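Please look at the sequence and the structure while I take you through them.

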Amino acid sequence: MAFTTAISPPSAARLLQRLPNRSPLSRPRTIRCASPSISVSPSQSMQFDLRSYWTTLIADINTKLDEAIPVKYPQRIYEAMRYSVLAKGAKRAPPVMCVAVCELFGGHRLAAFPTACALEMVHAASLIHDDLPCMDDDPSRRGQPSNHTVYGVDMAVLAGDALFPLGFQHIVSHTPTHLVPEAQLIRVIAEIARSVGSTGMAAGQFLDLEGGPNSIDLVERKKFGEMAECSAVCGGFLGGAADDDILRLRTYGRAVGMLYHVVDDVLKAKAKREGDKEKKKKGSSYVDVYGMEKAMEVAEDLRGKAKRELSAFDKYGDGVVPLYSFVDFAADRSFTIDSSV
């Protein structure tokens, strides 16, 4: 789930005004990311400042990531790892979602931070490998040169390879055992392993390279929906969610991850029409395969699907509000996230 876009928030808002949410929740509720705050009104009006919530968590996560990846021998590999993991412009969407879901089910934030950091390590590793010349061949990432552009293909491969197991090690060595039972921790580790493996994100990358236009739906699900699904599910495991709630979190997270990327495709296609010439990457997008209008319909459907799954969590009150707000942020892009806080 690469939460990056080169389109400004006002442009996104103007474009996505054409995406009405035709899938209301089962209970009256109004949630919009049309400003830095989100208003939620079941029976009474309240305000939730998503940007403050997000940036506060980013600051905590950045500190813990910095501590988790000190520079040591072999220095060059660690420098390459830190370059991508600690890059300015990283929105930390996977760890923030993990923490929010954990807290929804009554889990402690300290219980979620090690897994949240691991998710960011895994996310960064996947982006390093995706950018390689033999994959998406992208010379830049998050507004700066991609890892292999700076450190070379050899170091980029090694940095990605090292980040995957470091994430697992970090979960095992840093999760407070008095907050998370061992059985739940094993489920977290198994979930991350499944998500990055040959039936998860790796399958999505394969299909993006080789699958052809008929595979676009599976590419979006595996390459872009998988990371968000994993983040939501891991938060659920850490918070002690029941199995039926885990299934809802799977559908919710997958829909949010896919929504974000489909909207990215729409925004980039619109920018290209308006004269912003960008190097064409390998692989196809929803806009390439189905056209602009169909892609926008898909985005609308994904927003509705994500919110329908969340309606089962309304009983938790204010705790579910951040999860609703992530959906609208993925669709509306109505503010920017400053990761340098």
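Predicted model: local features only at pLDDT ≥ 70, side-chain atom pairs only at ≥ 80, totals over all residues.

Residues are numbered from 1 along each chain as its sequence is written, and side-chain values use heavy atoms, with hydrogens and water left out.

The chain has 13 helices and four strands; helices (H or I, at least four residues) and strands (E, at least two) are DSSP runs, numbered from the N terminus. Of its 341 residues, 55% count as buried, where buried means under 20% relative accessible area, exposed over 50% and partly exposed in between, with a 1.4 Å probe and protein chains only. A contact means heavy atoms within 4.5 Å. Among contacts between residues at least 6 apart in sequence, 73% join residues at least 24 apart.

Let us turn to helix H5, residues 109-130. H5 reaches 31 Å from its first C-alpha to its last, close to the 32 Å expected at 1.5 Å a residue; the expected span is 1.5 Å times one less than the number of residues. Of the 22 residues in H5, 20 are buried. Leaving aside residues up to four places away in sequence, Ala112 touches Cys98, Val99, Cys102 and Leu238. H5 is also one of the helices against which the buried residues of H8 pack, together with H7 and H9.

How do H3 and H6 cross? Their axes, lines fitted to C-alpha atoms over the stretch in contact, with angles from 0 to 180 degrees between N-to-C directions, come within 8 Å and cross at roughly 85°. The two helices are therefore roughly perpendicular, since angles under 35 degrees count as roughly parallel, over 145 as roughly antiparallel, 65 to 115 as roughly perpendicular and the rest as oblique.

Finally, the core. A nonpolar core is a set of buried Ala, Val, Leu, Ile, Met, Phe, Trp, Tyr and Cys residues joined through side-chain atoms within 4.5 Å. Which residues touch the most other members of the largest one? Among its 95 residues, they are Ile69, Leu163, Tyr252 and Phe326. Helix H10 gives the most to this core, with 13 residues.
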